[in-house]
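Open the model in your viewer and keep the selection tool at hand. Each stop says what to select and what is there.

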Amino acid sequence: MNVILLGPPGAGKGTQAERLGKTFDLVQLSTGDMLREEVRGGTELGKTAKKIMDSGALVPDELIISMISGRIDRVGGKGIILDGFPRTTAQAEALDKMLAEKNLKLDHVIQLKVDEDALVQRLSGRFACAKCGAGYHDTFSPPKTEGVCDRCGATEFSRRSDDNPETVRARLVAYREQTAPILPYYDEKGALKAIDGMGEMDEVFRRIREIVGTVRVS
Ligand code: AMP
């Protein structure tokens, strides 16, 4: 099964993709995570991407497309969940070509619909355990004991440098202007399924399962 999760930054794509991956034994491919890995590794791509990511704009299509194509090749036959890709029409078209060349088909394109006003607050308050990556939010889901990770007990946390109100607003503009136009692209193919992405994480996951649970898992 190959799935795309679409939605604005902060819609919960990463969280839901991780859960979907564990439940269905799929490989989660997040272009944002890949880019952050490149930044941490200090590679040429990482250096180019860092400035762009901190501004809230999108990294050029050709860099993203070659990065993701290599990763799909290394998945080794498992199904994939794409999280944060495609983000432009050019990327969506390149993905179609890539999948056809690799003899793969797309099963679901799931759009997480969220109230955009809530996103700035959602994104601006989020942080993660520096050791195990468990996600938290200052207001909505702080650790049970302040300063201690619920999952692994670590006491170090990190915040993404692009999760500040100014960059978040620029990321939302990029979503509206460059990513939202790909929704009709998938809708015309009859592949798009929109769900309400607001509410409890478990409830949103249940909505996703209603879609993916109804097809053959290949
Ligand atoms: P994300 O973790 O998905 O929110 O992505 C963080 C940042 O990485 C974005 O704001 C973009 O600058 C960059 N990025 C991630 N995925 C893509 C993509 N598919 N195309 C262009 N830029 C991307």
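**Before you start**

This is a predicted model, in which local features need pLDDT of at least 70, side-chain atom pairs count only at pLDDT 80 or more, and totals for chains, interfaces and linings use all residues. Residues are numbered from 1 along each chain as its sequence is written, and side-chain values use heavy atoms, with hydrogens and water left out.

**Stop 1: the whole protein**

Show the cartoon. The protein has nine helices and eight strands. These are DSSP runs, numbered from the N terminus: helices are H or I with at least four residues, strands E with at least two. The radius of gyration is 17 Å, close to the 17 Å that the globule rule gives for 218 residues, so the protein is as compact as a globular protein of that length. That radius is taken over C-alpha atoms, and the rule is 2.2 Å times the number of residues to the power 0.38.

Now colour by burial. Of the 218 residues, 44% are buried (under 20% relative accessible area; exposed is over 50%, partly exposed in between; 1.4 Å probe, protein chains only).

**Stop 2: the ligand**

The shell holds 16 residues, and the closest are T31, R36, A57, G84 and Q91. Which helix gives the most to this shell? Helix α2 (residues 31–41) does, with four residues.

Next, look for polar contacts (here, pairs of N or O atoms within 3.5 Å). A backbone N or O atom of A57 sits 2.6 Å from a ligand oxygen. The side chain of Q91 brings an N or O atom to 2.9 Å from a ligand nitrogen. R171 places a polar side-chain atom 3.4 Å from a ligand oxygen. Taken alone, the ligand exposes 480 Å², and the protein buries 96% of that (Shrake-Rupley method, 1.4 Å probe).

**Stop 3: R87**

Select R87, in the loop between β3 (80–83) and α5 (89–101).

Display its surroundings. Leaving out residues up to four places away in sequence, R87 touches T31, L58, Q178, T179 and I182 (heavy atoms within 4.5 Å). The R87 side chain also reaches the backbone oxygen of G84 at 2.9 Å.

Note on methods:
Near = heavy atom within 4 Å. Polar contact = N/O pair within 3.5 Å; in protein donor to acceptor, adjacent residues only side chain to side chain.
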